[in-house]
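Here are my notes on the model you sent over. Have the structure open while you read.

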Amino acid sequence: MQLADYMSVTFPGLHLRPPLFYEWPVGIRFELGTNQDGMSYDDVVLHRACTLYETVFYPGDLSYIVSGAAQYTSIRPSGIKTKSGRYRTFSGTVFQLSKRYSLGLSGPAGRYRLVTDEDEDTREITTLRWTNIEPRRIDYKRILQAKANADYYMRRPRTSDRVYFVNRTRNIILHMYDDRGLDLVAPKRSDLQAIYDAHKSWILEYDRTRIEKTFQPMAG
């Protein structure tokens, strides 16, 4: 199945762009970067990110990995100007990273473009490149580490590519935006209920009230 077809059926109207949590009614936003006794900040980030990935993706699940690249076009009297999103000045895409570090990804199986934001004089066009993956056979730990390093110029591996992991078997999308946090979204509350119950202490405090209204059973 093509990514665009899957998204239109399972997540109608959802665009793969940050902040994913605010783009969809059923989701959880987790805090990754925090202090924890006996662990460094960096160790906590990677531990939480990998734990959540392994909770979402089981061996054999049908899954995609998606690379999102944004391009901005300004339409002004002086002419049309186009520039790429800042990720290109930082590092390569997750597919380029895979060639360097042998992450287990094949080249993109497909791509498509969509307008993800537009106003009177600016248009944001996102190009999504994707491929099928076996989620436990790729080097997901190194990919998550690269995302954690996105804003640290001297660290390797490193990417500020927008990376989305899509579980077609369980219909859950995971997006780690950087070392601060990670979003999960799904079509129904029941798809995420067990993950909420197991890891609700990691929820980002700022969004806790909204998330608890979604996942805590109503008193009755």
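This is a predicted model: local features need pLDDT of at least 70, side-chain atom pairs count only at pLDDT 80 or more; totals for chains, interfaces and linings use all residues.

1. Every value here is computed from it.

2. Helix α2 runs over residues 41–56, and its length checks out. With 16 residues at 1.5 Å a residue, α2 should span 22 Å, and its end C-alpha atoms sit 23 Å apart, so the two agree.

3. Have a look at which α2 residues are buried: V44, V45, R48, A49, C50, T51, L52, Y53 and V56. As a general point, residues three or four places apart on an α-helix point the same way, because there are 3.6 residues a turn.

4. Now the cavity. Searching the whole structure for cavities of 30 Å³ or more turns up one. The volume of the largest cavity is about 50 Å³. Its lining is made up of Y41, D42, V45, Q145, A148, N149, Y152, R155 and D179.

5. Who supplies that lining? Helix α2 has the largest share, with three residues, and α2 and α5 (140–148) each give at least two. By class, the lining of the largest cavity has four nonpolar, two polar and three charged residues.

6. Last, the second largest pocket, at about 170 Å³. Twelve residues line this pocket, and T93, F95, Q96, K99 and P108 are the closest to its centre. Helix α4 (residues 94–101) gives the most to the lining, with four residues.

Notes. Residues are numbered from 1 along each chain as its sequence is written. Side-chain values use heavy atoms; hydrogens and water are left out. The expected span of a helix is 1.5 Å times one less than its number of residues. Buried means under 20% relative accessible area, exposed over 50%, partly exposed in between (1.4 Å probe, protein chains only). On a 1 Å grid over the protein atoms alone, a cavity is a set of points where a 1.4 Å probe fits but cannot get out, and a pocket is an open set with protein on both sides within 12 Å along at least five of seven lines; lining residues have an atom within 4 Å of a point. Grid points are joined across faces, edges and corners, and a volume is the space filled by probe spheres set on the points. Ala, Val, Leu, Ile, Met, Phe, Trp, Tyr, Cys and Pro count as nonpolar, Asp, Glu, Lys and Arg as charged, and the others, Gly among them, as polar.
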